[in-house]
Amino acid sequence: MKTAPRQLAGRHTARSPRPLGAILPALAVTSGFLGCDSPPDAPAVTVSDSAGTRIVTYASLDDEAFPVIDLEARVDTIGTVEGADEYLFRLLFSAELVPPGIVTADLFNSELRLFDRSERFVSGVGGRGEGPGEFQTLTWMRGHGDSLFHAWDQWGNRLNTVRLTEAGLRHESSVQGSWEPGYNPVGVFSPGRVALDNAHTVPIPTSAGLQRFELVVSVMDLDADPSSKPLRHVAAVESALRYVSEDQRLVPVPFQSIPRYFFADGMMWLKDGVNGEFRRVRMDGSLELVVRLPPGRQVTDRDVAAFRERNLRNVPDEEMPAARRRLDEVPSPSFFPSLGLMEVDDASGLVWLTPYPSGDEPVPWYVFDSLGCPVGRVNLPGDDTVLDIAGRRIAVRNQDEMDVERVLIHHLAESPSDRAGSGTSDCRR
């Protein structure tokens with residue numbers, strides 16, 4: 001079960017609506033690759049150590065190190081065009097795979113729903129309202145373990161706790177949020193301890209008109225006085241770059257890599273698009289593991305032209321000259337970012353990620369073990385948004401030909417955790 005931020009519709013957009021998205025358009029450029037002419041020439045995997053931090057560096061993600069993990073033919077489907085309301089999704093933004101089945105969260109209905117492994121609706125919690133367990137606007141849901149869920153009511157400014165019992169889902173408690181505005185839940189460290197991020201980031205000027213933004217993650221103890229501020233800073237290591245023109249308008253830097261947080265077993269994983277790496281961080285903020293990935297393919301003039309076209313598509317005619325000028329001033333990276341999407345399977349401690357998509361072809365999911373070593377790769381059909389990964393199940397958000405939302409659950413032919421520890425000898429030393 002995940003404790004990582006989820007994505008909404010669209011393959012590379014943030015899954016849960018967060019005020020941060022309006023302030024900082026989750027855009028990051030792999031700054032280490034700017035100005036590079038070619039990827040590094042080095043062994044496939046190298047391991048080093050710096051002040052107690054394990055550092056794994058990949059020169060390539062080759063097929064030999066990441067053998068294919070096959071999918072079973074069967075696919076479970078939850079959601080219909082017509083039928084009972086419990087099977088209709090309108091703005092499905094999150095799901096958690098649990099032993100009995102799957103728990104879903106829908107923004108439009110503001111309800112958590114439990115479905116069993118036979119795709120049958122079992123029970124629901126929530127609905128629109130201001131009463132116990134209800135939501136004015138349900139915008140975030142995360143689980144911890146196999147039975148505890150935290151769900152955020154954005155407009156009601158409160159955190160509801162829901163428990164999975166033998167009878168189904170049951171509302172357990174609510175905490176009214178009175179901490180400083182701008183903090184929003186992003187993960188669960190342990191029962192009663194929720195991670196928050198600070199949306200009020202302060203820009204740090206850099207050269208070339210770029211600005212860097214530090215994102216602070218804190219931990220709130222739900223058993224403590226809810227009027228208190230978050231207890232402690234865990235990390236302030238994520239950053240993003242965006243371009244500011246002379247008239248102070250924000251312009252996206254080409255080829256975006258979304259910074260994201262993931263939480264498992266009291267650890268925080270960071271997907272750092274700026275440096276092309278992912279990291280595991282302890283509760284005290286110290287680094288345990290850094291995995292550095294190779295840059296994507298080289299950026300071409302055609303790629304830049306397509307980027308410009310997308311960003312000028314809806315610009316009014318009277319603003320077009322200024323918009324073109326602003327885009328002309330934006331520096332382009334030499335290579336696409338390393339990181340596209342990332343997920344963490346809490347139960348196994350495996351990390352799943354995709355390279356940044358630089359073409360029309362589907363990109364595989366690469367699987368790494370807890371040491372950052374290669375396990376395998378999985379090729380999912382289509383471009384559906386992955387909602388959760390647990391063991392041999394992968395839940396994705398899908399839209400049919402009628403644009404009706406549903407959940408598809410793919411099954412792996414073997415568990416990736418069975419391969420963990422079988423990576424290259426260079427990596428495991």
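1. Strand β29 (residues 393-399) is mostly covered, with 6 of its 7 residues buried. Buried stands for under 20% relative accessible area, exposed for over 50%, and partly exposed for values in between, with a 1.4 Å probe and protein chains only. Strands are DSSP runs of E with at least two residues, and they are numbered from the N terminus.

2. Some notes on the basis of the text. This is a predicted model, in which local features need pLDDT of at least 70 and side-chain atom pairs count only at pLDDT 80 or more, while totals for chains, interfaces and linings use all residues. Residues are numbered from 1 along each chain as its sequence is written, and side-chain values use heavy atoms, with hydrogens and water left out.

3. Two strands are said to pair if DSSP finds at least two bridges between them. A390 stands opposite R393 in β29. The hairpin of β28 and β29 has 2 residues between the strands, and G391 in the turn has a positive phi of about 60°.

4. β29 also pairs with strand β30 (residues 405-412), in the antiparallel sense and over 7 bridges. Here Q399 stands opposite E405 in β30. This second hairpin, of β29 and β30, has 5 residues between the strands, and D403 takes a positive phi near 60°.

5. Strand β9 (residues 148-153) pairs with β10 over 6 bridges in the antiparallel sense, and W152 stands opposite L159 in β10. The hairpin of β9 and β10 has 4 residues between the strands, with N157 at a positive phi near 55°. Strand β11 (residues 168-176) pairs with β10 over 8 bridges, again in the antiparallel sense. R163 stands opposite R170 in β11, and the hairpin of β10 and β11 has 2 residues between the strands.

6. An open sheet of 4 strands has the order β24-β25-β26-β27, with antiparallel pairing. Its edge strands, each pairing on one side only, are β24 (339-345) and β27 (374-378). Neighbouring strands of this sheet are turned by 25° against each other on average, direction ignored. Such angles run from 0 to 180 degrees between N-to-C directions, and the axes are lines fitted to C-alpha atoms.

7. Within that sheet, β24 is joined by 5 bridges to strand β25 (residues 350-355), and the two run antiparallel. V344 stands opposite V351 in β25. In a regular strand the side chains alternate between the two faces of the sheet.

8. Is T104 buried or exposed? T104 is buried, with a relative accessible area of 0%, and lies in strand β5 (residues 101-106). Leaving aside neighbours within four places in sequence, T104 is in contact (heavy atoms within 4.5 Å) with residues including F89, L92, M141 and V407.

9. D197 is found in strand β13 (residues 193-198). D197 is buried, with a relative accessible area of 1%. The C-alpha atoms of D197 and P185 are separated by 6.6 Å, although the two residues are 12 residues apart along the chain.
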